[in-house]
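Here are a few notes to read alongside the model. Have it open while you go through them.

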Amino acid sequence: MYAFDPATGTWTTKASLPVALSGHGAVAWGDSIIFVIGGPWSGSANNLNVHYYRIASDTWGTITSSLPSGQGRRTFAYGISGNKIVIAAGFNTAFLKSVWVGTIDSTTSITWSAAPDVPTIYTGLSRPRGTAYGDKFFIVCGERGGPGGYYDTTHVFSLSSNSWVGLISGKPFKMSNIFNAVTARCINDTVRLYVPGGFGSVTGATPGAASALFDVIACGPGLLSVPEQLSTLPSAFRVEQNYPNPFNPSTTIRFSLPHMTRLSLKVYNTLGQEVATLAEGEFAAGTYSVQWNAVGFASGVYFYRLQAASMAETKKLVLLK
């Protein structure tokens, strides 16, 4: 283990981990404790220990069998907010999509509780990356189980409600091996996720190779640009009329899905030209709400169209400035 001093630009050797690990994760609790979870690459399913590092004294300790039975993993997503640690997906003897939230009771005690699985149709996700900002935990998905290949969706989890509240699809470059390379910053009430590099992009890079591509994923104030799941298991496919209508400058559109499907929700002008994409990708069964902020668009009549598998519906909306 090494520590970097930005004031001097130098690295200093610190006390080593109690065991050799790979494919693990580390989170900093304030400025005093670092928790290390998961790994090693081989036998990750059996490692339920959490190691902790005291920065002031340069010493390590171990919370033996902290994780629940069967929840050891490697190459998973993780993040910390306050005294809550989230671990999601990953791989042990199989692809995982299980999620656990650990409450830090003290340096030597973490209480883990099961949370809803990552809402994906795939058997699990490996080599993603997670990060938390405020109440929200984001998992930027990587390699998918089942059919193989890479996943372009970021799922959003609310710590306060213990539920998945939305997703952001259409990440420009589908990547695996994201691991530690995601960080979150809030700029002007917009949370931005920075995703540098990765491995084996399906589009935009040579498959099966390391990549220098760089993505930025942004969520508007209150995550209003993320379709928020309002309820579950509606009985029918439905697209509601936007409200308010007419509107200036933003309006809300709600839609319901009886089962998981891939869809697109787009806005068109009267010439049939696409002017905005409000949602696109894989959505679980449920009722969703998404906003269109039409700042910069001219007053007039527009149309929004929801296309999902063999189902499609179009409605008119009026921007009146």
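1. Start with Leu278: setting aside residues up to four places away in sequence, its contacts (heavy atoms within 4.5 Å) are Ile253, Leu265, Val267, Val290, Gln291 and Trp292.

2. Before going further, a word on the basis: this is a predicted model, where local features need pLDDT of at least 70, side-chain atom pairs count only at pLDDT 80 or more, and totals for chains, interfaces and linings use all residues. Residues are numbered from 1 along each chain as its sequence is written, and side-chain values use heavy atoms, with hydrogens and water left out.

3. How many salt bridges does a search of the whole structure find? There are 4 (a Lys or Arg side-chain nitrogen within 4 Å of an Asp or Glu carboxyl oxygen). One joins Glu143 and Arg127 at 3.8 Å, N to O; these two sit 16 residues apart, with Glu143 in strand 14 and Arg127 in the loop between strands 11 and 12.

4. Another pairs Lys266 with Glu274 at 3.5 Å, N to O. Lys266 is buried at 16% relative accessibility, while Glu274 is partly exposed at 43% (buried is under 20% relative accessible area, exposed over 50%, partly exposed in between; 1.4 Å probe, protein chains only).

Note on methods. Helices (H or I, at least four residues) and strands (E, at least two) are DSSP runs, numbered from the N terminus.
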